Amino acid sequence: MKSNRVLLSILGWVIGFIIFFPILWMVMASLKTEIEAVATPPSFFFIPTLENYFVVQNRSDYLNYAWNSIVISVFATLLAILIAVPASYSFAFRPTKRTKFKLVWILSTKMMPPVGVLIPMYLFYKNMGLLDTHLGLILIYTLMNLPIVIWVLYTYFKDIPQEILEAAQMECDDLLKIFLYILLPLSKSAIFSTSLLSIVLIWNESFWSLNLTAFEAAPLTAFISSYSSPEGLFWAKLSAASTLAILPIMFLGWVTQKQMVKGLTLGAVK
Amino acid sequence: MKALKAMFIAALVGASAAMTAYAEKLTIATVNNSDMIIMQELSSEFTKKTGHELNWVTLEENVLRQRVTTDIATGGGQFDIITIGAYEAPMWGKDGKLVPLSDMPASYDMDDVFPTVRDLLSHNGVIYALPFYAESSFTFYRKDLFANAGLTMPAEPNYRQFRAYAEALHDPESGVYGVCLRGKAGWGENMAYVTTMVNAFGGRWFDMNWRPQLDSPEWKEALTYYVDILNNFGPPGASSNGHNENRALFASGKCGMWVDATSAAGYIYNPSDSKVHDKTDFTRAPSARTDRGTGWAWAWALSIPKSSKKTDAAKQFLAWSTSKEYVDLVGERKGWTVAPPGTRKSTYNDNYYKAAPFARTVLNSIMAMDPTKSTLLPVPYTGVQFAAIPEFQSIGTQVGQFVAAAVAGQMSVDEALEKSQAATDRIMRQAGYY
């Protein structure tokens, strides 16, 4: 029994290391010189240098990109949650015969490749003056994440016993109060973890951010892209830029890991 | 005295207001490569001189192309200056999407720009982009390995000799592969090189009626040679190696020969980047049935979209960043080996030749490129490693995938060419060429 636990523990560490390895490799590459970063066979032992981080900071305004990422991901998530919570409530507690169809239809919008609507969206954004603005990206990310957010919250709301709400409705007929005092405390973890998931998805999205921004509203995905090149070896600098780009989101994930896991596994085991 | 003082202050205020009103904020979309990064670093000199500030949008080449194409096609107006290549400049100029640049001031000295490079960026004699640097392709080879094997590289090698050298140098047990060539799929990756090879073997993309010629014996001969030499004397996994991977392999001493962009010579020659900086020599790209179109013709250039509202300030930046003075500034501040090559006659001075021994071979390769006569048989298109038509990006990408699959052994050369011919034929029909 004990040996099984040890084996499982070792297996867990090995899998964890495999998952973490690309990040470790990226951080190592960011501390090498360009010639060491492309050397074959690769070197595991080397004299680390912070030169790439200084070069990246001198060439690009990292804080501006990071600030844009934070503003866009937080506000788009807030907006998505504000729309998704009542929508999911309605789907879960007031279903109609078309609810299933509507849910599938909402999800189906995620299946279209974004490039298919690039030109119309670009023209729309151009005419509305939304190109290279925070508002432009907040709107598109809200719409993009709404299906996922609605589905996750709907799945959670469906697991709340209907009887609790019915009992509450017998005491009070104000829907807002029922929502604020009964439903919200019950679903705090789910809303929190869904928000984190949404922030991560927005943080990593690059198609729209690269196409709809230039400088003013460009987030960290645009920052990373500026260090990638098919002609010219900038792997160490690219790794430094990538490390800087994922630092805030990794920190957020690390600080909130308990809530995130709790929220994502709620209702998974009954 | 008081009146004089007041007049002086008023003049100062007026001048400062005029300066403020004139100073613009220009947004520049550019590609991420060493030359452009140097330009970004030195651009504070331009701001000091003119007062214009610069917002840099630096992007990876493919992303830049997609981004700029969308902006140009929709008249988005997000950029005041864009970095484009020899493929886009004449097409977009013809379509009226770019500001013509034939009226540059005399001080710019347009005659100093190589006529071939000017032609690459012009349509009907009107230039639409000013060249930042130009490149052809040539052969990098290891002179130490050649000497050890008792071989001498001729000034103008042919593909028969090239194969024999690759075989003689190939020694994978010592970590040296005979030849490194682009194998990664993409119209700007493997197809840039393969097209120059097809040109050398006497092939062409289209006949005079725009019918694809990928099922011709010339294409078969060229592709069979390419697949054979890469599989027998190339590095493992050659179908995933693009310019960067081969650059890293060559710089770390793993390749006997490499045919690629002349602009990589500065990197290979730099001791801090390359282990073979003192063991490398350069010669022309190999020929076969013809030497036409054996070295490609490319220029990265700066242009102004018609949608920009700051044309005058943008023109000032173009004039500064592609000028003789800028080349001198790079030479003085960053060293002559990294001066933008291939655009101006004045660049090729004693300082440059002294610092960059590869300069003469690069110049010869650039002087030899002629996008209007790149094939043995007549063609309706211009371009050496591409056909300058809007459909080529899509054609080149698809054919590149079939060619990479042939190198990886996933299909035969015949099958790859058959599928390439069918795909190209379909695109050309849909586009209404016949």
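**Strands, helices and the contact between two chains**

Ile82(B) stands opposite Ser303(B) in strand E11 of chain B. The model is predicted, so local features need pLDDT of at least 70 and side-chain atom pairs count only at pLDDT 80 or more, while totals for chains, interfaces and linings use all residues. Residues are numbered from 1 along each chain as its sequence is written, chains are lettered from A and ligands numbered from 1 in the order in which they are written, and side-chain values use heavy atoms, with hydrogens and water left out.

Helices (H or I, at least four residues) and strands (E, at least two) are DSSP runs, numbered from the N terminus. Two strands pair if DSSP finds at least two bridges between them. Strand E3 (residues 81-85) of chain B is joined to E11 (residues 298-303) of chain B by 4 bridges, and the two run antiparallel. Strand E1 (residues 25-31) of chain B pairs with E3(B) over 2 bridges in the parallel sense. Here Ala29(B) has Ile82(B) as its bridge partner in E3(B).

E3(B) is mostly covered, with 5 of its 5 residues buried; buried means under 20% relative accessible area, exposed over 50%, and partly exposed in between (1.4 Å probe, protein chains only). In a regular strand the side chains alternate between the two faces of the sheet. In E3(B), Ile81(B), Thr83(B) and Gly85(B) point one way, and Ile82(B) and Ile84(B) the other way.

Another part of chain B holds an open sheet of 4 strands in the order E8-E9-E7-E10, with mixed pairing. Its edge strands, E8 (177-180) and E10 (280-284) of chain B, each pair on one side only. Neighbouring strands of this sheet are turned by 20° against each other on average, direction ignored; axes are lines fitted to C-alpha atoms, for helices over the stretch in contact, and angles run from 0 to 180 degrees between N-to-C directions. E8(B) and strand E9 (residues 255-261) of chain B run parallel, joined by 3 bridges. The bridge partner of Tyr177(B) in E9(B) is Cys255(B). Helix H11 (residues 243-251) of chain B lies across strand E7 (137-142), E8, E9 and E10 of chain B, running at about 145° to E9(B).

E9(B) also receives a buried helix. In helix H9 (residues 190-200) of chain B, 11 of its 11 residues are buried. They pack against helix H8 (159-169), helix H10 (217-233), E9 and helix H17 (392-407) of chain B. H9(B) is followed by Gly202(B), whose phi is positive, near 90°.

Contact means heavy atoms within 4.5 Å, and 38 residues of chain B are in contact with 31 residues of chain A. The two chains bury about 3000 Å² between them, 52% of it on carbon and sulfur atoms; buried area is the accessible area (1.4 Å probe) that two parts lose on being put together, summed over both. Helix H2 (34-42), strand E2 (53-59), helix H4 (61-74) and H11 of chain B each give two or more residues to the side that touches chain A. The largest share of that side, 7 residues, comes from H4(B).

A salt bridge is a side-chain nitrogen of Lys or Arg within 4 Å of a carboxyl oxygen of Asp or Glu. One of them joins Asp112(B) to Arg344(B), the closest N and O atoms being 3.0 Å apart. This pair links distant parts of the chain, 232 residues apart: Asp112(B) is in the loop between helix H5 (88-94) and helix H6 (115-120) of chain B, and Arg344(B) in the loop between helix H14 (324-334) and helix H15 (350-355) of chain B. Asp112(B) and Arg344(B) are buried.

Glu45(B) forms a salt bridge with Lys48(B), with the closest N and O atoms 3.5 Å apart. Because they are 3 residues apart in helix H3 (residues 44-50) of chain B, Glu45(B) and Lys48(B) are separated by about one helical turn. Glu45(B) is partly exposed at 21% relative accessibility, whereas Lys48(B) is exposed at 65%.
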